[in-house]
Amino acid sequence: MLITTQSRGAVSFFLGFLLFYVLAAAYLRSRCYRDPSSVFFNPESARVLTYSSFRKSQAQKFGDLAALHTPSKWSNLTATQLCIGVASVSRGGFSYLKETLGSILEGLDDLERRRIYLVVFLAHTDQSQHEDFRQPWLLNMADSLPTYPRDDPETVQLIQQLEADGNYEAHARKQKIDYAVLLSECAKVSPEYTMTLEDDVIAMDGWYHRVLAALRTAASKTRELGRDSFLYLRVFYDGRLLGWNSEEWPLYVEASTAILLAELSILMLLRWRIPPMRKVLTFSIMLLLCGVCTPLLIGLFFAAGRNCMLPKSPGVRLMHKYGCCAQGLVFPQRQVIDNLLPLYRDTEDSHAAVDTFLEDWADTHDKLRWAVTPVLIQHVGGKSSHGAGDQKTGSLTDDMPFDYSFEMNDPIKLVEEHRAWIAEIERHSKIENA
């Protein structure tokens, strides 16, 4: 009779656990569909451009108005805090450049805009090949529109050959020359920092003050590490690469084993110290808990995805791995002058795109690389300039870098945060001028 009662108790307990498990799985399915490392990942829903579409609309309106009236621009009477360099190549009928530039500038206060020098480089020896060549909005938004150096016919000839080849190796080689042009143009105004952006991104409202805050934090943390400089601050990373990593599986196994051993120890201690618990914590119940229920819960935890179960907290942290790609990087100007310009000018590497090339160099030279969470820009380009992505419609595909959390931004909260920051710098400006 006792055995029958214990068996019924174990069965009832297990049925109750199964009900809880099904409800937990259903809940996680509704919460974790944006996590690409989750079994509940739903790419059709996760890739919907919610906040990005809102910002694209604002950017388009800003660009349309900029075509009619020149907006506020950089002032050489103000110290340049940030130079933004955007290199753009024709994508065969597609262009995201207007939306990219519009999202960078839309919402900026005049005080902010005057401290930003915007360089847009149409990276063709014949710039008329670009869809946006001489567009009024481009002429009115950019502070500088450089070309390849005409006083260096050897380099121009090399670039023309790379343009004609059009393969990956040619793209990789030419990309570094393009970055050298951007960085050289930015260096002319001696900014504190230089930010390179790709031409198919969307920036959030208030990105500028968040960049400045993140740079201060990165500088402070760099000093805490006993270093005097860092290579860059990353403002975008690919959310697909931040899941459970295969090289960390020993750690996951150790943690799971530790949980099971801790649970078993607690249950044994309860049976030993509290005699009445022996009737409840029977060996069959303990076997169910430690041998079935807990392993199932651990499995559900991992199945739900790392980004969903262990999301990164807001802040600035080192990111020496899984930091793809080069959509948005901010460099201290010292790094640009001392390292990046010589690196891009002198290299003849044609095997790695600029992001991989830079990461390999940074690993070799032990350079600090920080990343800000949450990301401040989103990659929206579906058609790459070198053949990747959807070449017909320009739509985003599963193989393109994307941060799924960016689409959850609340535009009202971001506007309020941005306005509060502008009010603060206006207050400080009045105090300084008093």
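A crossing of two helices is called right-handed if the near helix is turned clockwise from the far one by less than a right angle, and left-handed if anticlockwise. The exercises below concern a predicted model.

**Exercise 1.** Determine how helix 10 and helix 12 run relative to each other, and which residues make their contact.

*Solution.* 
Step 1. Two packed helices are described by the angle between their axes and the distance between the axes.
Step 2. The axes of helix 10 (residues 249-273) and helix 12 (residues 283-304) cross at roughly 150 degrees and come within 11 Å.
Step 3. Angles over 145 degrees count as roughly antiparallel. Helix 10 and helix 12 are therefore roughly antiparallel to each other.
Step 4. The handedness of the crossing of helix 10 and helix 12 is right-handed.
Step 5. On helix 10, the contact residues include Trp249, Tyr252, Ser256, Ile259 and Leu260. On helix 12, they include Phe283, Met286, Leu289 and Cys290.
Step 6. By type, the residues of this contact between helix 10 and helix 12 divide into 14 nonpolar, 2 polar and 2 charged.

**Exercise 2.** Find the strand order of the open sheet of 7 strands, and state which strands stand at the edges.

*Solution.* 
Step 1. The order is 2-1-3-7-5-8-6, and the pairing is mixed.
Step 2. Strand 2 (116-122) and strand 6 (315-318) each have a single partner strand, so they stand at the edges and one side of each lacks a neighbour in the sheet.
Step 3. On average, neighbouring strands of this sheet are turned by 25 degrees against each other, direction ignored.
Step 4. Strand 1 (residues 82-88) runs parallel to strand 3 (residues 193-198), joined to it by 6 bridges. Opposite Gly85 stands Thr196 in strand 3.
Step 5. Helix 8 (residues 168-187) packs on the sheet and touches strand 1, strand 2 and strand 3.
Step 6. Strand 1 is also parallel to strand 2, with 7 bridges between them. Ser88 has Leu122 of strand 2 as its bridge partner.

**Exercise 3.** Decide whether the two faces of strand 2 are covered or open.

*Solution.* 
Step 1. In a regular strand the side chains alternate between the two faces of the sheet.
Step 2. Ile116, Leu118, Val120 and Leu122 lie on one side of strand 2, and Tyr117, Val119 and Phe121 on the other.
Step 3. These residues are all buried, and both faces of strand 2 are covered.

Note on methods
Residues are numbered from 1 along each chain as its sequence is written. This is a predicted model: local features need pLDDT of at least 70, side-chain atom pairs count only at pLDDT 80 or more; totals for chains, interfaces and linings use all residues. Side-chain values use heavy atoms; hydrogens and water are left out. Two strands pair if DSSP finds at least two bridges between them. Helices (H or I, at least four residues) and strands (E, at least two) are DSSP runs, numbered from the N terminus. Axes are lines fitted to C-alpha atoms, for helices over the stretch in contact, and angles run from 0 to 180 degrees between N-to-C directions. Contact means heavy atoms within 4.5 Å. Angles under 35 degrees count as roughly parallel, over 145 as roughly antiparallel, 65 to 115 as roughly perpendicular and the rest as oblique. Ala, Val, Leu, Ile, Met, Phe, Trp, Tyr, Cys and Pro count as nonpolar, Asp, Glu, Lys and Arg as charged, and the others, Gly among them, as polar. Buried means under 20% relative accessible area, exposed over 50%, partly exposed in between (1.4 Å probe, protein chains only).
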